[in-house]
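Hi,

Here is the structure I promised to pass on. Have a look at it first, and my notes come after it.

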Amino acid sequence: MSRYSAFSLLRHALTGHRDWAPAWRDPEPQAHYDVVIVGGGGHGLATAFYLAKLHGVRRVAVLEKGWLGGGNTGRNTTIVRSNYLLDGNAPFYEKSLQLWEQLSQELNYNVMFSQRGVLNLAHSDTQMDTHARRGNSMRLNGIDAELLTREQVRAFCPELDLDNARFPIHGGLLQPRGGTARHDAVAWGLARGADRLGVDLIQNCEVTGIRRQGDRVAGVETTRGFIGAGKIGLAVAGNTSRLAAMAGLTLPIESHVLQAFVSEGLKPLVDHVVTFGAGHFYISQSDKGGLVFGGDLDGYNSYAQKGNLPTIEDVVAIGVSMLPCISRTRLLRHWGGVMDMTMDGSPIIGTTPVKGLYLNGGWCYGGFKATPGSGWVFAHTIAHDAPHPLNAALSLDRFRHGRTIDESGHGPQPNLH
Ligand SMILES: Cc1cc2nc3c(=O)[nH]c(=O)nc-3n(C[C@H](O)[C@H](O)[C@H](O)COP(=O)(O)OP(=O)(O)OC[C@H]3O[C@@H](n4cnc5c(N)ncnc54)[C@H](O)[C@@H]3O)c2cc1C
């Protein structure tokens, strides 16, 4: 497969762009693989890519029940940041951010990573204190953070309603290196990169069962027949509990719906990612001009990839109180994704009690930003049959031992994380 470059663009232009090779193959599944990854979202694809690239595991397949990137990877609001407080999270997400910074070069594919800055607003003195604490902790972990005063926020983002009677803005915490990436490009770039290294990407192949031989995995039953596997990695986000149940595991995960929204295209208005501090709302503007935003979960357990009208009203009301100038903007689309919400709001990446079965899930709202980091540590975990130090704290057995990583402090209440 040829490299993408300005020269190849020019060469293909001469033939009317009619002879580009497909970005990846469409292979038939083989009878047996060393590693089978279930789930062709960003995490599954990144895991396969790093398994082949860094650990020399070549007989790898990614099995996807639909199309690559059609799950939460293709449904999210694409915010990338590493502004975490707790030890188990901060170094892991920072590693992921560092991988984002080189991902387009590494994949020879433009994932449109845009470090436009992520600003968390504060609406009270207490919230300013909380942001100061988080910012200090980030800086101690070597992560960039700046506490902005109210006037600095005004200069940074003049369109905000700083004097809102109910939610006046006191200041904010900025992570300048945070930003957004193009979600489809991330899935496609990783897919192309994995395929180039010999990974079989098999779409329209649903895993319907996990076959065990004694205490270890033997392979997966699929809609395209049985596929043998030495090791199996689950990266199926909202379907994590379902897949784990096929291997006899019950997980501390609930599945909830989260919606995202896009407005009609506007001229440049929101240059950064901004989050509201007095409710749950986050917004950025896409390169096409649409405002991309979201809020809270719909509030009930579901596997349906669609949301409900009352949540739209709720999210839009918060948006307008933060940015009154968007009140007459028309909403273009909204959709839902199935979130794998854990009891402490942090992900699970590691081994399981079943030999040869590895788990990557529980991403709650925040797995897109973790895509490269998640694949990087999950590939290490699968290759070495043990976690990397960066994901050691994100183990499944932390719930048994009471070492939860509760970033938001909501306790065992998955819908609140
Ligand atoms: C509305 C919304 C907004 C979000 N916003 C953000 C954000 O701004 N920033 C952020 O960091 N995160 C965000 N997230 C979370 C983020 O999108 C996810 O955590 C992340 O994309 C998960 O990636 P994944 O590869 O694990 O899952 P997915 O992309 O969902 O991939 C899992 C794949 O597994 C497949 N699968 C499931 N069951 C089977 C089976 N039995 N056999 C074969 N394949 C199967 C699915 O079809 C799917 O393609 C958001 C999510 C949503 C829904």
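Below are my notes on the domains and on one pair of helices.

Keep in mind that this is a predicted model, where local features need pLDDT of at least 70, side-chain atom pairs count only at pLDDT 80 or more, and totals for chains, interfaces and linings use all residues. Residues are numbered from 1 along each chain as its sequence is written.

The protein splits into domain 1 (25–109 + 183–252 + 344–416) and domain 2 (118–178 + 255–342), with bounds from an automatic or database domain assignment. Their centres, taken over C-alpha atoms, are 27 Å apart. Each domain puts 31 residues into the contact, which counts residues whose C-beta atoms, placed from the backbone, lie within 7 Å. On the domain 1 side, helix 3 (90–107) is among the elements that supply at least two residues, and its four are the largest share. Helices (H or I, at least four residues) are DSSP runs, numbered from the N terminus.

Now the helix pair. The axes of helix 2 (residues 42–55) and helix 6 (residues 183–196) come within 9 Å and cross at roughly 30°, so the two are roughly parallel (angles under 35 degrees). Axes here are lines fitted to C-alpha atoms over the stretch in contact, and angles run from 0 to 180 degrees between N-to-C directions. Helix 2 contributes Gly42, Leu45, Ala46, Ala48, Phe49 and Ala52, while helix 6 brings Val186, Ala187, Leu190, Ala191, Gly193 and Ala194.

Cheers

Note on methods:
Parallel < 35°, antiparallel > 145°, perpendicular 65-115°, else oblique. Contact = placed C-beta atoms within 7 Å.
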